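Dear colleague,

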Amino acid sequence: MSKIAIVTDSNAGIVPQEAERLGIIVMPMPFYVNEELFLENITMTQDEFYERLAQGCEVKTSAPAVQDFIDLWDGLLKDYDQIIHIPMSSGLSGTCATASMLAQDYEGKVFVVDNQRISVTQRQSAEDAKMLADAGASAQEIYDKLMANKMDSSIYIMVDTLYYLKKGGRITPAAAALGTLLKLKPVLQIQGEKLDAFAKARTVKQAKSIMINQIKEDCKNRYGSDEKATNVHISMAYTHNLPDAEEFKKEVQAAFPRDWDDIVLDQLSISIGCHIGPGALAVTATKPITID
């Protein structure tokens with residue numbers, strides 16, 4: 001049986017201590033603050049990042065250098081036979097395209113999974129891959145399973161402020177001004193590759209209700225489950241507002257009462273925080289992968 005390394009990046013929300021416990025290798029994503037390079041959870045923490053953001057520092061995302069992939073993979077292949085690498089969605093970053101191009105030189109030893117995941121859904125893919133590897137699945141089998149359910153995941157995100165979307169050019173200044181005036185709480189969605197607008201709420205309470213109801217709808221109509229999301233992974237994420245996120249988690253748990261699966265609650269990665277700022281809340285649904 002081949003020894004397979006499971007690799008993802010810090011967009012999955014797996015912090016270094018968790019990575020060691022889970023047996024998953026996490027590639028830290030680079031980002032810039034006032035033109036200075038940092039690595040997520042390595043040279044700057046989430047709290048430090050949001051402190052800088054509040055101070056008005058200029059932040060921007062980046063991608064690992066080609067040599068970073070080569071150094072990581074070459075090092076791992078000294079101890080492993082093959083690598084499953086699960087980067088963030090190709091629709092949200094060029095990182096996946098870079099990794100896929102480089103993997104061609106590794107003659108079947110590196111499998112790059114472009115299954116359109118980010119944050120807790122990306123984390124779920126990494127955990128699924130580790131489960132399959134531990135069960136004796138080959139790298140090709142793991143790749144095939146992850147790709148087969150690439151569209152079986154939903155993410156809904158309530159953005160607390162339009163400031164960072166405007167700053168990043170993702171909405172126009174006029175739309176941001178109108179949204180701020182009306183105190184809108186936009187709900188965004190990720191279905192497959194792209195981050196798109198989904199709904200406009202006037203209050204946080206309404207935004208939460210929209211997200212929960214849409215997850216119920218997706219579970220019933222897309223994943224063949226019931227409105228309680230039986231046998232569907234429900235996960236949550238947030239940006240720098242843990243008390244609000246924990247309160248929302250209670251509401252989500254009440255909407256999807258199960259005793260078999262605790263809801264994962266992670267911080268959204270700094271790469272996402274750069275674009276949406278603090279105060280965001282997200283809820284996701286992902287169809288499980290099972291061992292045959």
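Please bear in mind that this is a predicted model.

I begin with strand S1, residues 4-9. All six of its six residues are buried, so the strand is largely enclosed by the rest of the structure. In a regular strand, side chains alternate between the two faces of the sheet. Both faces of S1 are covered: Ile4, Ile6 and Thr8 are buried on one side, and Ala5, Val7 and Asp9 are buried on the other.

S1 pairs with two strands, as follows.

- Strand S6 (residues 82-86) runs parallel to S1 and is joined to it by five bridges. Ala5 has Ile83 of S6 as its bridge partner.
- Strand S2 (residues 25-27) is also parallel to S1, with three bridges between them. Here Thr8 stands opposite Val26 of S2.

Together with helix H1 (residues 16-22), S1 and S2 form a right-handed β-α-β unit.

Two or more lining residues come from each of helix H5 (119-134), strand S8 (153-158), helix H11 (270-276) and strand S13 (281-286). H11 provides the largest share, with four residues.

With kind regards

Methods
Residues are numbered from 1 along each chain as its sequence is written. This is a predicted model: local features need pLDDT of at least 70, side-chain atom pairs count only at pLDDT 80 or more; totals for chains, interfaces and linings use all residues. Side-chain values use heavy atoms; hydrogens and water are left out. Buried means under 20% relative accessible area, exposed over 50%, partly exposed in between (1.4 Å probe, protein chains only). Two strands pair if DSSP finds at least two bridges between them. A crossover is right-handed if, with the strands pointing away from the viewer, the path from the first strand over the helix to the second runs clockwise.
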